[in-house]
Amino acid sequence: MESLPVAGPGAVDRHLLVVFGATGDLFRQKLVPALYHLVRQYNLADRFLILGVARSQMEDEDFRALSRVSIEGISRGQAQLGEEYADPGDWCDEALYFQSIGTGEAHAYRALRNRIERIEAAHGLSGNRIFYLALPPAAIGPTVRGLGASGLAHSAGWTRLVVEKPFGVDVESAVALNRVLHGCFDEPQIYRIDHYLGKATVQNLLVFRFANPLFESVWNRDRIDNIQITVAEAVGIGQRAAYYDRSGALRDMVQNHLTQLLSLVAMEPPVSFDAEAIRDEKVKILQSVRPLRPDDVVFGQYTAGQANGRSVSGYLEEQGVTPGSVTPTYAALRVFVDSWRWQGVPFYLRTGKRMHSRLTQVAVTFHGPPVTLFKSFERSGRQGNVLYFKLQPHEGFDLLFDVQKPSDHPQLDTRSLAFAYEEAFGSLPDAYETLLYDVMTGDRTLFVRSDEAEEAWRRYTPMLEAAISPHPYPAGSWGPKEAERLLSPRDHEWTVRLPDNGDPGI
C-alpha cells in the first residue's frame with residue numbers, strides 16, 4: 001500500500017496567494033512553514049507569491065522578518081530538501097508582501113485590489129488568485145462580502161477561496177454561512193479545509209480499502225462486529241478558553257474530524273477516484289446515519305488529575321472558563337448507519353481533552369468464529385481479529401490474529417502483522433502541505449462540500465440542543481466511566497492500541 005503523493009513538480013499554475021489573518025498563529029505556525037517546504041521540495045519558487053493581509057499596520061520588510069522567524073522556528077527536515085532557498089530569508093524577501101485591511105471598510109478592499117493588481121503586473125501574473133481566510137468565524141462573512149463587493153471574487157484567471165473550519169456552530173449557522181459564500185463565490189471555487197483530511201494516513205484509508213480486495217470483501221455487517229474511532233488529546237484547552245467554552249467537544253472535534261473519519265471508513269466505493277465522486281459517497285453516508293438519541297451520547301468534563309507525569313487543573317479551573325460551565329471536553333457516541341452494508345453494526349466515536357494519551361485510531365473488530373473450537377485452550381492475549389489504523393502518532397496499521405503459543409498445554413496468543421509509515425517512507429509531510437498543494441492544483445477531493453457540512457450538522461444539532469450534562473473524569477484517564485454504557489448492551493469494550501508497548505489497551 002503506497003502513500004498518496006503530496007505533490008509533484010510542474011503542476012501548479014503561477015498565482016498570487018492572498019492570506020487574510022497573516023499575523024495570526026495559523027499562518028505563523030502552519031501555513032508559512034508549509035509553503036516554504038513546498039517551495040524547496042518541489043521547486044515552486046516561481047509558481048506563486050504571497051500577499052499577507054491583516055488589520056495591523058506593517059511594512060513588507062517587517063512581515064518578511066516575522067515569517068522568516070516562524071519558518072526557522074518550525075521548519076522540518078532541512079537536510080531532505082533541495083539547496084535552493086536554503087536560507088528562508090532569501091525566499092521571504094522575494095515572495096512575501098503585506099497589505100493592511102484596517103477595519104475592513106470598502107476603501108480598504110479597493111486598496112487591496114489595487115495592490116493585488118500592481119503585484120501581478122510587476123511579476124507577469126495572469127490573474128490566478130487564492131484567497132485563504134485564516135480568520136476567526138465571526139470575520140468570515142464580512143471578509144467574503146468585502147471580496148465580493150470589490151470585484152475580487154472573480155478575475156481574468158481562476159479564483160479560489162479557502163475557508164478554515166468551523167463551518168458554522170449548528171445546522172442553521174452552517175446554512176447561513178454557505179448562503180454568504182455562495183452570494184459571492186461559486187461552489188467549485190470554495191475549498192472548506194479540515195486539516196485532518198490532509199494527513200497521508202487518513203487519505204490511505206481509501207487506498208487500504210479500495211486497492212486491497214482482501215479487505216474490501218469483508219468490509220460489511222457479515223464480517224465486522226463494531227468499529228471504534230478514537231481521537232484523544234493529552235493536552236487541555238490551553239489559551240483557547242474564549243473559543244472552547246462556547247464550543248465544546250461535539251462542535252470542536254466530532255462534527256468535523258471524527259465525522260470525516262466515519263465517512264471515509266463507511267463510504268461505498270466511488271465510481272471514480274475524483275473529487276465529486278468521493279464527496280458524493282461521503283454525503284450518502286451522512287444521510288444514512290440514524291438520528292441520534294440522548295441515550296446514544298455521553299459527555300464528560302475533565303477534572304484535576306495527573307497528565308504527562310504532572311498535576312494539572314480541571315477544566316473549571318482553567319483561565320478564562322466561565323464559572324460553573326457545563327461545556328463538555330469529552331464526547332462519546334454510538335452511531336448506526338442504516339445502509340445495506342452496515343445495518344446493525346455500531347460505530348463508537350469518542351474524543352476528549354486531557355485524556356490518557358495523544359492518539360488517533362480506528363479499530364475495526366471482526367466477528368469471532370461461529371463455533372468456538374478452542375474453549376479448552378488457555379489464552380495469554382486478547383481474543384479475536386482487530387484491525388487498527390494508527391493515524392497518530394507512529395502512523396501505520398496493526399492486524400491482530402491468534403496463534404498457538406508453544407507450551408506444555410494448549411495455549412492461544414494474539415500477535416500482529418504491523419506496518420509503519422515512517423519505516424517504509426520516512427517522515428510524513430504536514431497536512432497543510434498536502435492541502436495547500438491541492439488548492440494550488442485545483443484538486444477538491446480532500447475538501448468539504450457545502451451539502452456535506454450541512455448534513456453533518458443535521459446529525460448533531462439535536463444533541464447540542466438536548467442539554468446533556470457532562471460527567472466528570474480525571475485528567476489523564478480515558479474519559480468518564482459512564483461512556484461504557486454505550487457499549488455494554490453488546491458486551492463490547494473500548495479498545496486502543498497503545499504506541500508505547502504495542503499492547504491492546506482498554
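Predicted model: local features only at pLDDT ≥ 70, side-chain atom pairs only at ≥ 80, totals over all residues.
Modeller: Residues are numbered from 1 along each chain as its sequence is written, and side-chain values use heavy atoms, with hydrogens and water left out.

Colleague: What makes the protein chain as compact as a globular protein of its length?

Modeller: The chain holds 13 helices and 18 strands, where helices (H or I, at least four residues) and strands (E, at least two) are DSSP runs numbered from the N terminus. Its radius of gyration is 24 Å, close to the 23 Å that the globule rule gives for 506 residues, so the chain is as compact as a globular protein of that length. The radius is taken over C-alpha atoms, and the rule is 2.2 Å times the number of residues to the power 0.38. Along the principal axes, the C-alpha trace spans about 80 × 50 × 45 Å.

Colleague: Why is Q203 called buried, and why does A467 count as exposed?

Modeller: Buried means under 20% relative accessible area, exposed means over 50%, and partly exposed lies in between (1.4 Å probe, protein chains only). Q203, which is placed in helix α7, has 7% relative accessibility and is therefore buried. A467 belongs to the loop between α13 and β18, and because its relative accessibility is 68%, it counts as exposed. Of the 506 residues of the chain, 55% count as buried.

Colleague: How do you know that R458 and R459 each form a salt bridge with E455?

Modeller: A salt bridge is a side-chain nitrogen of Lys or Arg within 4 Å of a carboxyl oxygen of Asp or Glu. For R458 and E455 the N to O distance is 3.4 Å, and for R459 and E455 the closest N and O atoms are 2.8 Å apart, so both pairs meet the definition. R458 and E455 are three residues apart in helix α13, which means a separation of about one helical turn; R459 and E455, four residues apart in that helix, are also separated by about one helical turn. E455 is buried, with a relative accessible area of 11%, and R459 is buried too, whereas R458 counts as partly exposed at 39%.

Colleague: What makes E216 and R209 a salt bridge, and why are they called buried?

Modeller: Their closest N and O atoms are 3.3 Å apart, which is within the 4 Å of the definition, so the pair qualifies. E216 has 16% relative accessibility and R209 has 1%, so each counts as buried. The structure holds 31 salt bridges.

Colleague: Which residues form the negative surface patch, and why does D93 count as partly exposed?

Modeller: The patch is formed by E59, E61, D62, D90, D93 and E94, Asp and Glu being counted as negative. Patches are made of residues with over 30% relative accessible area and no salt bridge, with like charges joined within 9 Å and nonpolar side chains (Val, Leu, Ile, Met, Phe, Trp, Tyr) within 5 Å. D93 has 49% relative accessibility and so counts as partly exposed. D93 lies in helix α3, and α3 contributes the largest share of the patch, three residues.

Notes. Areas by Shrake-Rupley, 256 points an atom, 1.4 Å probe, with all protein chains shown as cover. Charge placed at Lys NZ, Arg CZ, Asp CG, Glu CD.
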